[in-house]
Amino acid sequence: MTTAFTPTVAIVGYQVRSADQSIIGEIEGVRRRGVRLHKFPGHPGHVGYLPAEAIAEVRESTNTAVVKSGITLTHILDAPHPPNEGADEWHKSNEWWADLLGHFGLFESEGRGNEPYLHPDQR
């Protein structure tokens, strides 16, 4: 079992890359459970959301965050948007959060014996 990455404001501005090192975007903001991305190549003005569980590693020496294998720019652009875009609200809906985790393959539907990979105080 891997430990989920905990986002901090220190990574705001970090470039996000896929496992094959292609540029996905840049971290615009962080919340306890994930990050908000922007500056997507070829998609000006778009934003996307990435759960912390989708980040494989953070390379401080190059100001880069690398997502897990299989996650691409398209996954992030197609991810469900939060129900509330308030300054500190987007991470508070557990239903949206489960949808977001499912979109990235980090959640298996009920009945398969798995549950979302949520922070312990969210269970």
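In the predicted model, a salt bridge (a side-chain nitrogen of Lys or Arg within 4 Å of a carboxyl oxygen of Asp or Glu) joins Lys39 to Glu26, with 3.6 Å between the closest N and O atoms. This pair links distant parts of the chain, 13 residues apart: Glu26 belongs to strand S2 (residues 23-31), whereas Lys39 lies in the loop between strand S3 (34-38) and strand S4 (48-51). Strands (E, at least two residues) are DSSP runs, numbered from the N terminus. Lys39 counts as exposed because its relative accessibility is 54%, and Glu26, at 22%, counts as partly exposed. In these assignments, buried denotes under 20% relative accessible area, exposed over 50%, and partly exposed the range in between, computed with a 1.4 Å probe on protein chains only.

In total, the structure contains three salt bridges. In another of these, the side chains of Glu28 and Arg36 meet at an N to O distance of 2.6 Å. Glu28 is partly exposed at 34% relative accessibility, and Arg36 is likewise classed as partly exposed, at 22%.

A further salt bridge is formed by the side chains of Arg59 and Glu57, at 3.1 Å from N to O. Arg59 has a relative accessibility of 29% and therefore counts as partly exposed; Glu57, with a relative accessible area of 36%, is partly exposed.

Residues are numbered from 1 along each chain as its sequence is written, and side-chain values use heavy atoms, with hydrogens and water left out. As the model is predicted, local features need pLDDT of at least 70 and side-chain atom pairs count only at pLDDT 80 or more, while totals for chains, interfaces and linings use all residues.

How values were computed: Helices (H or I, at least four residues) and strands (E, at least two) are DSSP runs, numbered from the N terminus.
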